[in-house]
Each structure stands twice: as C-alpha cells, then as structure tokens.
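Biologist: I am new to this one. Please show me how to read it, feature by feature.

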Amino acid sequence: MYWEQTVVMRIQNKTSTFQDIKRGVRQGCVLSPDLFSLYSEIIMRNLENHPGIKVGGQNINNLRYADDTVLIAENKEDLQKLLNIVEEESRKKGLELNSKKIEVMVISRKQESPKCDIFINKVKLKQTEKFKYLGTIISNDVKTNRDIPARTAQAKLNFQKMKTIPTNKHISIETRKRALQCYIESVLMYGCEAWTISKQIQNKLEATEMWFLRRMLRIPWTAKKTKERVLNEVNKRRSLVRTIRKRSISQRARCLRKPKTPETRSNGWVMHS
C-alpha cells in the first residue's frame, strides 16, 4: 500500500510535478498508528533482558508513551549498550535516530552532576540538567523546584483563557468553584503525587490558590481584602495544599503495598529521546 507512492500539490488550478514518497507513514491514514506501534514494539523487545534499574523488584530499562521514549540504566556503559541496540534494530527496519533530538541526563544527589559521554554514530549526545516528559519537568536533582512553578504558570494561563466562566457573576459561586477545581486546579496538580512540599513551596501554592479566588470574585489589588474575607465570600477553606498532600500520601501507600528490594541506588543515567 505504501510502496511506490507519489504525491502532487495543487494550488488553485495549478499542479506541481509528481514526487516520490520515500519514507514515513501517511498523516491521517488509519494504518499509520498500527505500523508505528508494530515497529516500535518489535524494536524495544530487544531490550527485555538487558539491565536497567530495579523498581518494585522489576527491571525497568525504558519508558514509552507514543514516540516519547526514555532509556534508563544505572551507569553509562549500560546506557550506551541500550542505545546501541535501539539504533541497530531501528536501522534494520529502515529507521534512523536523530541525534539532535536526543538528550542525556544523570540523576544524582551530588552538587555537580557527573559527566556522561554517550554517542550515537560517533556523535556525542547533549547532556542536560532537565527535560520535560509527559508534561512534567524532570531535573537531575529530582527536585520539584522547577516543575511546580511551570505547573502554576500553566494553570494561570488556563484561567485566563476561560476566565469568562469563573468570573461570570450570573453563574452561581458553587458552579464557578467546581469549574475552577475541574479545569484549572487539576492542571496545577498534575503529577503532584511526586512533589516534595517545603514551607516555601506551600506558601507559593497557597498564594496561587488565593490568586484564583480573587480573580474569580473580580477583587482588585487596591481593595486590600484579607485572605479570610475572600475565603468567607466564596464559603471555602484552603484546600489546595491539603488535597496535594492527600494524593501524595495515597500514592505512597499504594507503592508500599508492592514488594521492594533492599538495594538502593544513588545515581541514575537517563537518555531521553
């Protein structure tokens, strides 16, 4: 079906010459996602027996969501071996890895991150201190200091996009609070189960919660209303930080019920594509 296909472009009444389609799946073709899943699954199956890191007693050496792939290993030698396998198996299927879109990160508790020289086709990959994976910013110190401000900014942007609903005085305050919780606070709390809430971060989260409520009530900064008065007007208690802590505790409880290994690791070597 995909062999010897050609394409022509038409602009108004003029058409270009026919060109051969040499690679790639067709956008909009119902077969495209099946072909992609088939190829990626066959390629990644070659990593099953290679070392990664131990999580709940299981060996994990890769994470995949659509075309967003992460390779994980305890040291750079194992990581290089995983990458070599993926590169070789991809080449056998007619695929190429783009070295410009692949980054390496070392997860460590040391103040200065160790160097990690990983190569693909003799090209050294860029080492980074952070990258965004599935909407969450992961840093080399595994702290949430960078992710929480990004989530806060995204939630505020969502509020501005749909502010006609939470600020509409013709809608009951209860309905507006539910809209705030459903469409805005949920964006802020994405991935909050892994957050570490310090006193400073707690203050910032509480300030963000009040930011939402003040704008929902259209209270200008010149009004100088106290936090208690604002909370009384919406008939609400502070709940954002409490909800985050509850979800975090619930997630940790589920993890504790799973079998664990006594081994501990200080470093992790991650390649993100």
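Biologist: In which helix is the place of S32?

Modeller: Some ground rules come before that. This is a predicted model, where local features need pLDDT of at least 70, side-chain atom pairs count only at pLDDT 80 or more, and totals for chains, interfaces and linings use all residues. Residues are numbered from 1 along each chain as its sequence is written, and side-chain values use heavy atoms, with hydrogens and water left out. Helices (H or I, at least four residues) and strands (E, at least two) are DSSP runs, numbered from the N terminus. S32 has its place in helix α1.

Biologist: Is S32 buried or exposed?

Modeller: Buried means under 20% relative accessible area, exposed over 50%, and partly exposed in between (1.4 Å probe, protein chains only). S32 counts as buried because its relative accessible area is 7%.

Biologist: Which residues does S32 touch?

Modeller: Contact means heavy atoms within 4.5 Å. Not counting residues up to four places away in sequence, S32 touches Y2, V25 and R26.

Biologist: Where does Y39 lie?

Modeller: Y39 is in α1, residues 32-44. Y39 is partly exposed, at 35% relative accessible area. Together with L38, I42 and L95, Y39 forms a nonpolar patch on the surface, with about 340 Å² of accessible area together. Patches are made of residues with over 30% relative accessible area and no salt bridge; like charges are joined within 9 Å, nonpolar side chains (Val, Leu, Ile, Met, Phe, Trp, Tyr) within 5 Å. A salt bridge is a side-chain nitrogen of Lys or Arg within 4 Å of a carboxyl oxygen of Asp or Glu. Accessible areas come from the Shrake-Rupley method with a 1.4 Å probe; for residues, only the protein chains shown count as cover.

Biologist: Now the inside. How many residues has the largest nonpolar core?

Modeller: A nonpolar core is a set of buried Ala, Val, Leu, Ile, Met, Phe, Trp, Tyr and Cys residues joined through side-chain atoms within 4.5 Å. The largest has 26 residues, and those with the most contacts inside it include L180, W195, F212 and I244. Helices α3 (147-161), α4 (173-188), α5 (199-216), α6 (227-233) and α7 (240-256) each supply at least two residues of this core. The largest share, seven residues, comes from α5.

Biologist: Which residues is I244 in contact with?

Modeller: Leaving aside neighbours within four places in sequence, I244 contacts M189, C192, W195, I197 and L205. A second, separate core of 17 residues includes L79, L82, V104 and I118.

Biologist: Which residues make up the covered face of strand β13?

Modeller: In a regular strand, side chains alternate between the two faces of the sheet. In β13 (residues 130-133), F131 and Y133 form the covered face, while K130 and K132 form the uncovered one.

Biologist: In what sense do β13 and β14 pair?

Modeller: Two strands pair if DSSP finds at least two bridges between them. β13 and β14 (residues 136-139) pair in the antiparallel sense over four bridges. Y133 stands opposite T136 in β14. Their hairpin has two residues between the strands, and there L134 takes a positive phi near 55 degrees.

Biologist: What is the phi of Q12?

Modeller: Phi of Q12 is near 60 degrees, a positive value in a residue other than glycine. Q12 sits in the loop between β2 (10-11) and β3 (14-15). Q12 is exposed, at 72%.

Biologist: Where does K224 lie?

Modeller: K224 is in the loop between α5 and α6. Its phi is near 55 degrees, also positive. K224 is exposed, with a relative accessible area of 74%.
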